[in-house]
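User: I have a two-chain model to go through. Let us take each label and ask what backs it.

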Amino acid sequence: MSETRRAFASVRATARLIAIKDLRIERRGRVLTNQVLPFALIVMVMFAFALDSDAVLERVAPGLVWLATLFSTLFVIARSFAVESADGALDQLRTSGAPSAGIFLGKALALMAQLLVLVVVLVAAAVVLYRADISGQGGVLLVTTALAATGGLAAVGTLYGGLSAGAKGRETLLPLLVLPVVAPVLIGATRATESAFGTNGIAVSEGWPWLGLLVVFAVLFSVTGAIAFGSLLDE
Amino acid sequence: MTTTSERNVTGTSFTRGLGIVTLLGIVLLVILGLFVSPADVNQGESVRIMYAHVPGAWLAYLAFIVTGVSSAAYLWKRTRSLTWDRFAGASAEVGVLFMGISLVTGSLWGRITWGTYWTWDARLTTTAFLFVTYVGYLAVRGLGGSHHQRARRSAVLALLAVLEIPLVHFSVRLWNTLHQEASVAGRGTDVTMDGLMLFSLFLGVVVFTLMYVWLVLHRQRALALQDMVEDTGLDAALAARRAEAAV
């Protein structure tokens with residue numbers, strides 16, 4: 001029993017270290033704030049150019065928020081593993097004997113933290129640019145949706161980012177692998193956000209089942225990732 | 001046939017026999033499907049697309065199941081062998097091809113029957129996702145690295161797809177039922193099918209399955225030869241250069 005407990009403690013400690021490491025790299029490199037966030041914002045502005053109508057924008061605002069999130073997520077994932085494959089860092093990590101589940105969870109947590117910042121900025125952009133409206137109850141739904149959705153995106157992103165890390169042509173491979181997998185997140189998060197924004201007069205209560213879908217997705221891929229990540233790293 | 005080319009071929013007497021049977025079956029299917037079987041009361045001649053479409057879709061799903069099972073067999077330590085990996089790869093290649101064919105034939109049929117190439121039906125959408133997922137799988141197989149690296153990476157990916165597809169199907173269905181009325185009634189749910197039509201369809205499924213076995217066996221052997229070339233290629237080249245230097 002204590003054996004299992006020690007293994008869990010080791011996973012937790014590794015996850016914490018890796019997450020802190022990744023966030024420290026981000027704080028010093030500022031790729032998210034200086035490159036990804038401006039990109040996401042310009043995409044939101046471009047959507048407005050393409051759709052060219054306040055009424056349409058207001059109606060599709062939730063979908064646009066999550067589409068912009070998905071596209072930006074691809075960059076954040078790529079960045080997260082570019083850091084690892086440079087200077088043979090991933091090989092060091094492999095040989096360090098750290099539990100692979102811990103590495104997976106650590107990287108996923110750091111990714112999730114960055115994605116949350118991204119979502120907050122994009123929702124704010126939707127309020128400013130697309131006249132999205134958030135009520136008190138909708139706010140609670142929106143926050144939980146953002147947590148569950150970014151959790152799922154981070155788990156999938158870490159898994160597939162690890163898979164394609166260091167491979168040739170990974171810039172183009174990653175979107176091909178990740179986008180089909182995260183379709184349920186796009187569907188669930190968009191519907192839940194529609195309820196939170198009250199788009200088309202949809203009640204907030206209708207959003208909760210979609211949150212369920214997001215939670216199931218996040219849990220499934222976190223558990224699978226923690227189990228499978230080892231065999232992807234251990235090559 | 002010369003004796004030297006006999007050794008590294010992908011055909012055996014079994015696959016040759018299988019190939020001939022498959023070919024005869026296809027001829028019979030074409031005759032039955034295009035000429036002998038009757039036109040449908042509602043769909044008219046367009047129903048004939050079904051004889052290629054349904055077996056194609058069946059074959060694709062079968063192929064992806066085989067890929068999943070072979071991948072699991074590779075990952076399981078006791079049965080770990082690159083043969084499983086090559087079966088998974090060969091099966092996925094054939095599956096992608098036939099899923100493409102059934103998507104195209106399906107949307108042509110849809111254009112004639114429903115008046116639209118595409119509808120957001122859960123089954124259709126899931127099939128499209130399956131197609132893209134396995135295109136990605138094949139791309140991952142082409143990443144390079146050692147054979148076991150390729151095998152492990154792609155096996156994990158194939159098992160992830162087994163997790164992904166039901167999730168996509170479920171969420172698309174949820175999305176669809178809330179957003180639009182079901183636009184596609186299950187084909188032939190309370191329709192009785194003409195006996196000859198049913199037989200042609202059944203024959204199509206059998207013939208396509210035989211074709212699948214034939215294609216996968218050959219492709220698996222071709223992949224094995226390719227792996228062999230990669231393994232021995234460098235050694236052979238080195239030996240040749242050394243022999244040159246010795247002269």
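User: How many residues of chain A are in contact with residues of chain B?
Analyst: This is a predicted model. In it, 26 residues of chain A are in contact with 25 residues of chain B. Contact here requires heavy atoms within 4.5 Å.

User: How much area do chain A and chain B bury between them, and what share is on carbon and sulfur atoms?
Analyst: About 2300 Å² is buried between the two chains. Carbon and sulfur atoms carry 78% of that.

User: Which helices of chain A supply at least two residues each to the side that touches chain B?
Analyst: Four entries qualify: α6 (136–164), α7 (170–181), α8 (183–197) and α9 (208–233) of chain A. α9(A) gives the most, with 9 residues.

User: What is the make-up by class of the side of chain A that touches chain B?
Analyst: That side has 19 nonpolar, 2 polar and 5 charged residues.

User: How many salt bridges does the rule find across the interface of chain A and chain B?
Analyst: The count is 0. A pair would need a side-chain nitrogen of Lys or Arg within 4 Å of a carboxyl oxygen of Asp or Glu.

User: Why is Q220(B) called buried?
Analyst: Its relative accessible area is 9%. Buried means under 20%, so Q220(B) is buried.

User: Where is Q220(B), and what does Q220(B) touch?
Analyst: Q220(B) lies in helix α7 (residues 195–246) of chain B. Leaving aside residues up to four places away in sequence, Q220(B) touches T83(B), R86(B), F87(B) and A90(B).

Definitions and conventions:
Residues numbered from 1 in each chain as written. Chains lettered and ligands numbered in written order. Predicted model: local features only at pLDDT ≥ 70, side-chain atom pairs only at ≥ 80, totals over all residues. Heavy atoms only, no water. Buried area = accessible area lost by both parts, 1.4 Å probe. Nonpolar A, V, L, I, M, F, W, Y, C, P; charged D, E, K, R; others polar. Buried < 20%, exposed > 50% of the residue type's maximum accessible area, 1.4 Å probe, protein only.
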